[in-house]
Amino acid sequence: MKNIKLLLLGLSVVAFSCTDLEVEELDSVVVDSPSGDFSGVDPAANLTNAYVATANSLGSQDNTYALMEVSSDAQLVPTRGTDWGDNGVWRTLHQHTWDATHQFVLNGWNNQNSNVFTLNQIIAPESNASPQQLAEAKFLRALNVMLILDLWGQVPFRAANDGPDVLPDVLSREEAVALIEEDLSNTTIENLPDIGPGNDAEILRASKASAHFLRAKFYLNKHIFLGNPSGSAPDNADMDRVIEAVDAVTAAGFSLEEDYFEIFDPAPDNESIFTLERDAGGRIWNGLHYNHNEFEGNAGGGWNGFCTTAEFYAMFEGPESNAEGSGQELRRGYVPEDSLGFGFLVGQQYDFSGDPLTTRNGDPLVFSAELPGLAGNGEATGIRMLKYHPSNGGAFPNRQILFRYADAVLMKAEAELWKGNTGTALQIVNDLREVREASPLTSLDADEMLAERGRELYIEFWRRQDQIRFGTFTDTWSYKDNTEEFRVLFPIPNLAISTNPNLQQNPGY
């Protein structure tokens, strides 16, 4: 592979919301030595920093997470009065009307590319990393490069010993795919530790199991990364690699948990494979109402932003009501009459005394399925989604799940489906649904496979990628009419193109 270099555009990132005032400081990596003068970095310290930077770049509610979820059919952030207006950054994501000046597009680009350069410095021979340190850095680099390729279709790359006078080259899709495959090679995986389920402190770092999971995720999407059309069929050989990688995760001891929402509480579980060391406060409070305030660590209530569409909610089994014990599917959750619910919060909301909550104007706080649009909303429009629960602490422990065993199970089912082994795929999905107390499916096709991934993995980071793979990302859905095919990629930020002539703007922008 030719010598390849990475463009760095270090910026401080401010989370965009009228109510989320959290600020993340992501320091720029400054290349201040002439080309060829790089003498290495401390691999241990820089590897720790790389984990933190990756967690920060993926664990906030904006930037890369917003590109992956708010752009999908599963999540939207409507403007309520003036709240969550933010110059339209949230609305344009859901409507697919973003352009090359969008702040989250720029921040996500900067964050993931900065992460890659830090990892290049660790991987460089001058840093003299140990075999395990090298393997961990390659795992993280594969993750970050995969996201850049997924979101933008081209990967700038700067070698560790290139000075600021060297223009970064840009990897083609084929070169980026080859780099990921190299970073997830058997040699890399062999040098990672064996970490099984229930080791919450250890699964914050790379392991053999997390590398196998990432390999499965990569091969499931490889044909899309190479530029094949959205919804096109993958190669059977790559699907065999997915199945092999998932089987390796299973062999490491991971398994499905019977209590779905306990997966997201602080206690160790059998499903979490790789987690981000970042609190889940944003995941908790960004959809809850201002008057949801009776939890330790948060006296001020929620931020009243994020919600979902009626049609996404309708994918689950159960009656219209989400009252506790209504016969709805376990994963859809419930709203008890004496506390805050789990999963999809719809209908009347209650406090711990069993009293109905109200809006700030004193009206009943009844979350409705329908919205008037992405603007002009009241306080109670939109079904809210909640997996990490504030009863576990207002700020939540430093843990967000990125790789989960149920995702691996569904990746294997999907690989079997693509290979034409529909019966095997259906059995895998129904085994999962049995654990989740959902009725067995009688048949399985691509639409149902995508729906099952949505039911299991909602707001867990991967919905956009799934929709692109199944060819539905450019369809219409509630409050989104744009069907432009080029939206499967985001634009290269204008600032990046102006500083690196080797980059070319993606078609359509």
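This is a predicted model: local features need pLDDT of at least 70, side-chain atom pairs count only at pLDDT 80 or more; totals for chains, interfaces and linings use all residues.

Colleague: Is tryptophan 84 buried or exposed?

Modeller: Tryptophan 84 has a relative accessible area of 0%, so it is buried. Now look at asparagine 128, in the loop between helix H4 (103–123) and H5. Asparagine 128 is also a residue other than glycine with a positive phi, near 55°. At 65% relative accessibility, though, asparagine 128 counts as exposed.

Colleague: Let's turn to strands. How should I read their pairing?

Modeller: Strands of a sheet pair through backbone hydrogen bonds, and they do this either parallel or antiparallel. Here, strand S5 (residues 272–279) and strand S11 (residues 398–404) pair in the antiparallel sense over five bridges. Phenylalanine 274 stands opposite phenylalanine 403 in S11. Six of the eight residues of S5 are buried, so this strand is largely enclosed by the rest of the structure.

Colleague: What is the strand order in the open sheet of three strands?

Modeller: The order is S6-S7-S10, with antiparallel pairing. Strand S6 (333–334) and S10 stand at the edges with a single partner strand each, so one side of each has no neighbour in the sheet. Strand S7 (residues 342–345) is joined to S10 by three bridges, and glycine 343 has leucine 386 in S10 as its bridge partner.

Colleague: And the aromatic rings? How do I describe a pair of them?

Modeller: A pair of aromatic rings is described by the distance of the centres and the angle of the planes. In this model the count comes to 28 aromatic pairs. Take phenylalanine 139 and phenylalanine 403: their ring centres are 6.2 Å apart and their planes are at 80°, so the pair is edge-to-face. Phenylalanine 139 lies in helix H5 (residues 131–152) and phenylalanine 403 in strand S11, so the pair ties together parts that are 264 residues apart in sequence. Phenylalanine 139 is buried, with a relative accessible area of 0%, and phenylalanine 403 counts as buried at 0% relative accessibility.

Colleague: What is the geometry of the pair formed by phenylalanine 218 and tyrosine 219?

Modeller: That pair is edge-to-face, with 4.9 Å centre to centre and 65° between the planes. Both phenylalanine 218 and tyrosine 219 are buried. Rings can also gather in a group: Tyr260, Phe261, Phe264, Tyr334, Phe342 and Tyr388 form one aromatic cluster.

Colleague: Which charged end sits over the ring of tryptophan 462?

Modeller: The charged end of lysine 217 does, 4.2 Å from the ring centre. Likewise, the charged end of lysine 480 sits over the ring of tryptophan 477, 4.3 Å from its centre.

Colleague: Finally, how do I look for empty space inside?

Modeller: Rolling a probe the size of a water molecule over the atoms shows where empty space is left. This structure holds seven cavities of 30 Å³ or more, and the largest cavity has a volume of about 140 Å³.

Colleague: How many residues line the largest cavity?

Modeller: It is lined by 15 residues, and Arg283, Tyr388, Ile401, Ile459 and Glu460 lie nearest its centre. The lining divides into eleven nonpolar, one polar and three charged residues. S11 supplies the largest share, three residues.

Terms used. Residues are numbered from 1 along each chain as its sequence is written. Side-chain values use heavy atoms; hydrogens and water are left out. Buried means under 20% relative accessible area, exposed over 50%, partly exposed in between (1.4 Å probe, protein chains only). Helices (H or I, at least four residues) and strands (E, at least two) are DSSP runs, numbered from the N terminus. Two strands pair if DSSP finds at least two bridges between them. On a 1 Å grid over the protein atoms alone, a cavity is a set of points where a 1.4 Å probe fits but cannot get out, and a pocket is an open set with protein on both sides within 12 Å along at least five of seven lines; lining residues have an atom within 4 Å of a point. Grid points are joined across faces, edges and corners, and a volume is the space filled by probe spheres set on the points. Ala, Val, Leu, Ile, Met, Phe, Trp, Tyr, Cys and Pro count as nonpolar, Asp, Glu, Lys and Arg as charged, and the others, Gly among them, as polar. Rings of Phe, Tyr and Trp (its six-membered ring) pair if their centres lie within 6.5 Å; planes under 30 degrees apart count as stacked, over 60 as edge-to-face and the rest as tilted. A charge sits over a ring if NZ of Lys or CZ of Arg is within 6 Å of the ring centre and within 35 degrees of the ring normal.
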